[in-house]
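Keep the structure open while you read.

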Amino acid sequence: MKYIIYCRKSSESEDRQEQSIDSQEHELMAMAEKQKLTIVKILKESQSAKKVGRPIFNELLKMLSSGKADGVLCWKLDRLSRNPIDTGYVQSLLQDGVIKNIKTFERDYFPHDNILMMVFEMGMANQYIRDLSVNVKRGNREKLARGEWPNHAPFGYLNNKVDKSIVIDSVRAKYVKRAYELYLTSSHGFRDVARILYDEGLRTSSGKKVLISHIQRMLSNPFYCGIMLRDGKYYNGNHKPIISKSDFDKAQEILADKSRPKSQRLFFPLRGFLKCENCGCALTSSTKKGHDYYYCTNRKEKCDEHKSYMRETYLYEIFGNIFGSLAFSERKIDLMYKSAKEKIGIDSEYFDNALATLQNSLESLTTKESKLLDTFLADQISKELYDQKALDIHNERISLNKQIQEFKNKQPASMLEPTKNAFIQGNRAMKEFLDADNFKKRNIVENLCWNLSFKDKNVAQIKLKTPFDVMYKAPKNGTLSEMLGD
Ligand SMILES: [Zn+2]
């Protein structure tokens, strides 16, 4: 790595305490020698850094941008900049990796350090937090407790979009009944059931034969007898059952019966999160000799990866290790949080003022309303005009409320606590994952990952959800970066 030494001292009062340019140079050269750094240029400037447009500083930026150097050595960060524009520019060069390292006498600054700070400051966790299934799940649990199904209706049912209820799909429900009938009254396996239903006209939405796994799920989903199963918990559903509880129970007995050929385990926590790097297919899973395996189905029939079977326990270890890389020391999280809070505090003033203006407008509507009513009661305006004006006020109130709500969501400070929580969640992810039961495991994977792809039983690509992707890539033992120019 090639470094530039940048020394600066102005004659202004603020700089009087600073070392002279010569002594800065002397100290920095000694440091470079000690750490065996390659110095390509020494730049000296005798101007204040409070204003934009220092000629030597601009030369420094030019050299860095053109790749003639990739690191800067300076006494303190305030030698580089004391104004927000230059600071922002240096910061963005660091974040983009154009500057790979800024070394000061106190500490190092690396691109990834600052990206972590960006997570805090710019609410990178925003989308994640918005999607965070914790909130969604809370809403879902309430729905489930009321007997409502929060998701897409299972095969045999339809979602009534008007009142959000679940209604029977009279065409497909017949096939569900038939599947249970076939399964209960004869020795038909899943494959036979799928074939007979196909012969009797059942097709998937793309016109194909229904998969065996689909039949399995149909025969084990208590939804059809009026019970909703969600994350390992049962709820009473409001929807009409298609089959009786006793028929469902009988089917479960047969499913559990080991003598029955190929009764497979139905819940694979990692299903849907694993891909074959070679052919791009999703990995499937099955149970063999008491162990669960994941493998490429070789659906495109040109993949040689289908012979690598990976044990579930092996994959748990891999996931555990990845989640382990999301951990940062509590101290580092706390420092980042505090630093971001300080910085955001300045922006918050603007937000608070704007919010107060909106709220004042909202309050003034109430005054307007009562004045309008007075005018009407005093017979000064017609009923038509009154109705018209009242409607205007009503509409304005709705629009203002919406504006205020949106504004509150945008407030930078509102993202701080949740972002901190995302970090803490990352901290605990490994232990929680390894300790969790299968339902919870899937839950954690779902929260943190898009997917992982595999080649020769090794991880080829890791795609995590933001901000965990940033946290994963960030160096874990790098020096804590605080704001530039502080
Ligand atoms: Zn493959």
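Strands β11 and β12 run antiparallel to each other and are paired over 6 bridges. This is a predicted model, in which local features need pLDDT of at least 70 and side-chain atom pairs count only at pLDDT 80 or more, while totals for chains, interfaces and linings use all residues. Residues are numbered from 1 along each chain as its sequence is written, and side-chain values use heavy atoms, with hydrogens and water left out.

Q: How do you know that β11 and β12 count as paired?
A: Two strands pair if DSSP finds at least two bridges between them. β11 and β12 have 6 bridges, so they pair by that definition. In one of these strands, β12, Y295 is the bridge partner of T284.

Q: Why do β11 and β13 stand at the edges of the sheet?
A: The open sheet has 3 strands in the order β11-β12-β13, with antiparallel pairing. β11 (283-288) and β13 each have a single partner strand, so one side of each has no neighbour in the sheet. Strands here are DSSP runs (E, at least two residues), and helices are runs of H or I with at least four, both numbered from the N terminus.

Q: What makes C276, C279, C296 and C303 donors of the zinc ion?
A: Donors are N, O and S atoms within 2.8 Å of the metal (3.2 Å for Na, K and Ca); water is not among the atoms, so sites may look incomplete. The SG atoms of these four residues lie 2.3 to 2.4 Å from the zinc ion, so they qualify as donors. Along the chain, their spacing is C-x2-C-x16-C-x6-C.

Q: Why is the arrangement around the zinc ion called tetrahedral?
A: Four donors count as tetrahedral if all angles lie between 85 and 135 degrees. The 4 donor atoms here subtend angles of 97 to 117°, so the arrangement is tetrahedral.

Q: Why does C276 count as buried?
A: Buried means under 20% relative accessible area, exposed means over 50%, and partly exposed is in between (1.4 Å probe, protein chains only). C276 has 3% relative accessibility, so it is buried. C303, with 4%, is buried too.

Q: What makes the pair Y293 and Y309 edge-to-face?
A: Rings of Phe, Tyr and Trp (its six-membered ring) pair if their centres lie within 6.5 Å; planes under 30 degrees apart count as stacked, over 60 as edge-to-face and the rest as tilted. Y293 and Y309 are 6.0 Å apart centre to centre, with 65° between the planes, so the pair is edge-to-face.

How values were computed:
Four donors count as tetrahedral if all angles lie between 85 and 135 degrees; four count as square planar and six as octahedral if opposite donors are over 155 degrees apart and all others between 65 and 115; anything else is irregular.
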